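Please look through the sequence and the three-dimensional model shown below before reading on. The report that follows describes how the parts of the model are arranged and where they touch.

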Amino acid sequence: MPRWFPSPEEVSARRGRVTLLNAGAAACFSWVAISNLAANPERGAAYLLLWAIWLAVPLIWVFGIPGGRRWSAKQHAILNDELVRAQQATAARAGLALALALIGAGAACGFLGIALPVWAAPAAGSIAVIGTALVFAWLQLRDD
Amino acid sequence: MTDLLAHLKAKRTEAGLTQGELAERVGVSRKTINTVENGVFVPSTVLALKLAAALGTTVEALFELPPGEG
């Protein structure tokens with residue numbers, strides 16, 4: 001058995017904390033990018049690119065395998081064991097449910113003749129991704 | 001809500017193993033063993049078989065369905 005430093009439990013807790021921090025940072029940067037998009041729609045592509053990059057970061061922490069090349073394949077398998085995969089699936093289900101609810105709300109607005117602002121779609125994407133990250137962080141940090 | 005009764009803790013204690021030692025034997029984290037023992041997480045067939053093999057027992061001795069569901 002390879003030597004662990006830190007232990008899998010510490011890595012799991014750190015992963016939860018970093019995912020939580022990244023979700024917070026992604027929320028802040030999404031807010032800034034979407035505000036700028038609403039204020040300067042002519043530079044929309046640049047703001048949307050920044051928005052997408054910041055949203056990708058928490059998703060990497062949710063669905064990526066921590067540790068990079070520092071640890072062996074066996075250690076990576078323990079860090080992403082079936083409990084973690086179940087937690088990733090739970091987080092993905094929550095994110096998908098949020099996305100579907102927001103799409104439903106958007107569709108309802110369309111039926112009611114309410115015009116959605118330009119920032120509505122990216123804001124819905126941010127909510128779905130940040131929701132996914134928050135659920136995963138909560139599951140990782142929860143003391144079972 | 002749990003839909004599986006786990007006797008893992010009793011069998012593990014009987015075998016004189018800690019959660020960490022059992023986790024190392026089956027190749028999962030200690031938290032996974034803890035969640036299975038507490039009924040928070042229902043293990044896959046593969047993990048259940050590995051747990052049974054590591055404890056020298058059968059899957060049926062480790063887990064059972066709640067009364068009325070079998």
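## Cores, contacts and chains

Leaving aside its neighbours within four places in sequence, A133(A) is in contact with T19(A), N22(A), A23(A), P58(A) and V62(A), where two residues are in contact if their C-beta atoms, placed from the backbone, lie within 7 Å. This is a predicted model, in which local features need pLDDT of at least 70 and side-chain atom pairs count only at pLDDT 80 or more, whereas totals for chains, interfaces and linings use all residues. Residues are numbered from 1 along each chain as its sequence is written, while chains are lettered from A and ligands numbered from 1 in the order in which they are written.

A133(A) is also, together with V129(A) and F136(A), one of the residues with the most contacts inside the largest nonpolar core, which has 23 residues. A nonpolar core is a set of buried Ala, Val, Leu, Ile, Met, Phe, Trp, Tyr and Cys residues joined through C-beta atoms within 7 Å, and a residue is buried if 20 or more other C-beta atoms lie within 10 Å of its own, exposed if 12 or fewer, and partly exposed in between. Two or more residues of this core come from each of α1 (8-39), α2 (44-63) and α5 (120-141) of chain A, and α5(A) gives the largest share, 9 residues. A second, separate core has 16 residues, including L83(A), A23(B), V36(B) and L47(B).

The two chains can be set side by side. Helices (H or I, at least four residues) and strands (E, at least two) are DSSP runs, numbered from the N terminus.

| Chain | Elements | C-alpha span along principal axes | Buried residues |
|---|---|---|---|
| A | 5 helices and 0 strands | about 60 × 30 × 20 Å | 30% of 144 residues |
| B | 5 helices and 2 strands | roughly 35 × 20 × 20 Å | 30% of 70 residues |

From the N terminus on, the elements of chain B run β-α-α-α-α-α-β. The radius of gyration of chain B, taken over C-alpha atoms, is 11 Å, close to the 11 Å that the globule rule (2.2 Å times the number of residues to the power 0.38) gives for 70 residues, so chain B is as compact as a globular protein of that length.

Within chain B, the axes of helix α2 (residues 19-26) and helix α4 (residues 45-55), which are lines fitted to C-alpha atoms over the stretch in contact, come within 9 Å and cross at roughly 115°. Here L22(B), R25(B) and V26(B) of α2(B) meet L47(B), K50(B), L51(B) and A54(B) of α4(B).

Which residues of helix α3(B) are buried? They are K31(B), T32(B), I33(B), N34(B), T35(B) and V36(B). Because 6 of the 8 residues of α3(B) (residues 30-37) are buried, this helix is largely enclosed by the rest of the structure. The cover over these buried residues includes α1 and α4 of chain A, together with β1 (5-6), α1 (8-14) and α2 of chain B. Just after α3(B), G39(B) takes a positive phi of about 75°.

Where the chains meet, the contact takes 11 residues from chain A and 14 residues from chain B. On the side of chain A that touches chain B, the elements giving two or more residues are α1, α3 (73-79) and α4 (82-111) of chain A.

Definitions and conventions. Axes fitted to C-alpha atoms, helices over the stretch in contact; angles between N-to-C directions.
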